[in-house]
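The following note sets out points on the structure shown below. It covers the domains first, then helix packing and backbone geometry.

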Amino acid sequence: MTGFQRIAVLGSTGSVGESTLDVIARYPEQLRVYALSAYSRMDKLALQAAATGAEVVVVPDAAAAQRFRRAWAGTGPMPQLRVGAQALADTAADPGCTTVMAAIVGAAGLPAALAAAQAGKRVLLANKEALVAAGSLFMAAVRQSGAELLPIDSEHNAIFQCLPQGGHAGAPQRPAEGVRKLILTASGGPFRRMDLEDLHQVTPAQACAHPNWSMGRKISVDSATMVNKGLEVIEAHWLFAMPADRIEVVIHPQSVVHSMVEYEDGSVLAQLGQPDMRTPIAYGLGFPQRLRSGVSPLDFARLGRLDFEAPDLKRFPCLALSYAALRAGQAACITLNAANEVAVAAFLEGRLPYTWIARVIEAALEWQAGRPSVTLDSLGDVLSLDGQVRVFAGNLGLA
């Protein structure tokens, strides 16, 4: 483990945040919580802050701050309470922390993740939108500051473990030597075998019932549509400097092989493990050493078999749209992500059929492609386009 770490867990009440706190608690002499943040679950955030002794808590607005104060029942002094998006970014860059777990879902997590990278922190990146929407900015920040960038998504963490990274975590500018392609695995979600005609009737409850992973509602829907895997393809492009035609997706329903790296000599290295986020989190916290994560070992005899198949792009049109966006450039990737967030929110609220999520994304990509080119040289540029896409997608008759 690289020295004593003081950790800011951004998005601490989500599934990745909870798993992070579980791993941290196993190493009280080496890992300490410095800051926690949450958007809405103030009761849970208060319990976490009391249990971990967090020095700082960040909440989105004054109303959330008031709810946190009412929920506080800790025996010690209340943590310093910071409010708002700028406070979140400032906390990510705070000299008081060495490590930032960027686990806020969606584009809302981008400014804080970028601030951590610019400040040269060890960034444990579980927010894929930071790279989907601002990959060039983010990786440039990592290179300029000397930040350590460690991917926490199980697929990218698996690839990182299988690459010849030589104990270095940063921002490569070219593919690793000797690597032919990256192979991302996908479970296929809950609708891998459902009749295509029945997909139009899918409910939010069905879409959120992932067969292998315990995740939040938004990311569960993304897994069902496989837009999540498309975003991961874009993320892999930036993390590993790999072109789109050298990143492959295969469906692996058991979710035991988390991803693979194929080498020029024909070797394929794979990382295997239980579908439990504590494994990549422990790897990121301990790198280059390995920590106990609390995850049970695989029983290969009981497992019996591992299956793989190519994804059906008629069933998963969002995956094809994601590859198209990556090839079209950064503006298209921003559009893909923003339109998806709007469409998924509408679906979860019962305002949009499941199969229309892809239609909203496709319409937004067509709209963006027909507009004049835009500069994306700053976070403000990225967020401006993101906002424009959200307005367009929101006006597509979703209500």
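What distance separates the centres of domain 1 and domain 2, taken over C-alpha atoms?

1. The centres of the two domains are 27 Å apart, computed over C-alpha atoms. Domain 1 covers 5-151 and domain 2 covers 329-398; such bounds come from an automatic or database domain assignment. The model is predicted, so that local features need pLDDT of at least 70 and side-chain atom pairs count only at pLDDT 80 or more, while totals for chains, interfaces and linings use all residues. Residues are numbered from 1 along each chain as its sequence is written, and side-chain values use heavy atoms, with hydrogens and water left out.

2. Domain 1 contributes 13 residues to the contact and domain 2 contributes 13 residues, contact meaning heavy atoms within 4.5 Å. About 870 Å² is buried between domain 1 and domain 2, with carbon and sulfur atoms giving 64%; buried area is the accessible area (1.4 Å probe) that two parts lose on being put together, summed over both. Of the area that domain 1 buries against domain 2, 48% comes from Val132, Ala133 and Leu137, more than from any other three residues.

3. Helix α14 (residues 330-348) and α15 have axes that come within 8 Å and cross at roughly 145 degrees. Axes are lines fitted to C-alpha atoms, for helices over the stretch in contact, and angles run from 0 to 180 degrees between N-to-C directions. Helices (H or I, at least four residues) and strands (E, at least two) are DSSP runs, numbered from the N terminus. The residues of α14 in this contact include Ala331, Leu336 and Phe347, and those of α15 include Ile357, Ile361 and Gln368. By class, the contact of α14 with α15 has 12 nonpolar, 3 polar and no charged residues; Ala, Val, Leu, Ile, Met, Phe, Trp, Tyr, Cys and Pro count as nonpolar, Asp, Glu, Lys and Arg as charged, and the others, Gly among them, as polar.

4. The axes of helix α13 (residues 317-328) and helix α15 (residues 356-369) come within 9 Å and cross at roughly 20 degrees. Therefore α13 is roughly parallel to α15, a term for angles under 35 degrees. Pro317, Cys318, Leu321 and Ala325 of α13 meet Ala358, Ile361, Glu362 and Leu365 of α15. This contact of α13 with α15 has 7 nonpolar, no polar and 1 charged residues.

5. Phe287 and Pro288 are joined by a cis peptide bond, with omega about 5 degrees. Pro288 is placed in the loop between α11 (278-286) and α12 (300-303).

Definitions and conventions
Parallel < 35°, antiparallel > 145°, perpendicular 65-115°, else oblique.
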